[in-house]
Amino acid sequence: MTATQILLLIGAYFLVLMIISYFTGKNDSNADFFKAGKQSPWYLVAFGMVGASLSGVTFISVPGWVEDSQFGYMQVVLGYLFGYFVVAYVLLPLYYKYNLTSIYEYLLDRFGVVSQKTGAFFFFISRVLGASFRLYLVAIVLQQFVFDGLGIRFEFTVVISIVLIWVYTNRGGIKTIVWTDTLQTLFMILAVVLSIILINKELNWSFGEFLASDELKEYNRFLFVDSLLDRNHFIKSFVGGMFVTICMTGLDQDMMQKNLTCKTLKDAQKNMVSFSLVLVGVTFLFMLLGALLFIFANKNGITIPLMDGEPKSDLLFPEIALNSGLGLTLAITFMLGLIAAAYSSADSALTSLTTSFCVDFLNVEKQTEEKQKKTRKRTHIAMSIMLILVIISFKYILSSNVIDSLLTVAGYTYGPLLGLFAFGIFTKHHIKDKYVWVVGLLSVLVIWTIANIPSEYLGGYVMGYELLPLNGVLTFFGLWLIRTKHTTP
């Protein structure tokens, strides 16, 4: 597939998104931008959330991770599943009870303004880094396989990507996202299914023969229970995955903003449960695809592509799809899936960052209606510029597998949110609100220190995703220390 063909495909894809944006953004009101008028069908939100949750990280990085971790990532995904039920039946009732625009308004009502802003700040850092990780991955693929050949710099690739997202989310916000996410999820699932079919066909295998092959058995180890000291032990992965979901979905304005557009709590819960079941199945397909890619590469002498002189497994899928002579159908399928995966998460991240900053930091709902819209639009531009700068910086500082980096960062930034919400929900204590930011910051610093202790000092124990719940526990304990005598009735 030539660079010109890829550019035409990208152009056609964004034309479709612009058409959707035109019809969903006619109102251009803050009510539609933030909440979609609370009229979104639950099944539409559920299907769209699959794409937003998987993103370009799953599309590229999960298949590339199979050689090192085999199917061990599914241990984390099973933890995700349990976490989604916690979100559906513990957190969603809370958010609907308070009729929230930003979920961090709960912290304002429960503890005070410093708690609200502390929660929003940690979400802000988490989502900026998370969205940037996802878009960075897609940008480097487009750069290596398209724009390098045209003499276009990486920085320009990033700017164009963010500008395109800004254009189609500027008016409709979350109302547009609910519809575009549905289209993007469809493209992404079609891409992984067709990729599996087409590569199997090239290997002269049926899907059943692939599943029964000896080659697959070299990659499909599912459970890792040899030693609790290992980073990928089942218990550590499952518990970590559960808390990653509770935090990165249930305590994340980005993911919850979509749920809060449903008409009723019951609809939002149906959305969450159905979405979680579909997500497990789709992620398993990505693991199968990853194994198939490495099998195909080994059989055909394809080496892992280099980036800055170092092998980067994240680039194996695009290398095989675009440069291995498997035909235009696979190349188009891959590019559509990649573009859809990238922008299904990045567009909603930009919208949620705008929403949280407007509501939690700028108190936009206290402004006049005319000023509210101006504030929202200016914030939307500022968030876009910030994402551009962060993504560009990743090219020079990021070295490990992207999904591993994403989950590691979550352990630092979502922990204080976990502690704050847990303390609010499971105790009746008030706290000295002005000290909450100190507790959150100290908790992150302690976790960072623990994470950097050499494993030989811990008897060979390697820290993994359990850092996230541990961070939450530390924050909870810190809040206990600054509690007051007054309690919530």
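A crossing of two helices is called left-handed if the near helix is turned anticlockwise from the far one by less than a right angle, and right-handed if clockwise. By that rule, α6 passes α7 in a right-handed crossing; helices here are DSSP runs (H or I, at least four residues), numbered from the N terminus.

A word on the source: this is a predicted model, where local features need pLDDT of at least 70, side-chain atom pairs count only at pLDDT 80 or more, and totals for chains, interfaces and linings use all residues. Residues are numbered from 1 along each chain as its sequence is written, and side-chain values use heavy atoms, with hydrogens and water left out.

| α6 (residues 113-147) | Leu-135, Tyr-136, Ala-139, Ile-140, Leu-142, Gln-143, Phe-147 |
| α7 (residues 154-169) | Phe-154, Thr-157, Val-158, Ile-162, Ile-165 |

Ten of the contact residues are nonpolar, two are polar and none is charged (Ala, Val, Leu, Ile, Met, Phe, Trp, Tyr, Cys and Pro count as nonpolar, Asp, Glu, Lys and Arg as charged, and the others, Gly among them, as polar).

Now for Tyr-104, which sits in the loop between α4 (73-98) and α5 (105-110). Tyr-104 is buried, at a relative accessible area of 0% (buried is under 20%, exposed over 50%, partly exposed in between, with a 1.4 Å probe and protein chains only). Not counting residues up to four places away in sequence, Tyr-104 touches residues including Phe-123, Leu-251, Asp-360 and Phe-421. Leu-216 is another story: 112 residues along the chain from Tyr-104, with 45 Å between their C-alpha atoms.

Definitions and conventions:
Helices (H or I, at least four residues) and strands (E, at least two) are DSSP runs, numbered from the N terminus. Contact means heavy atoms within 4.5 Å. Axes are lines fitted to C-alpha atoms, for helices over the stretch in contact, and angles run from 0 to 180 degrees between N-to-C directions.
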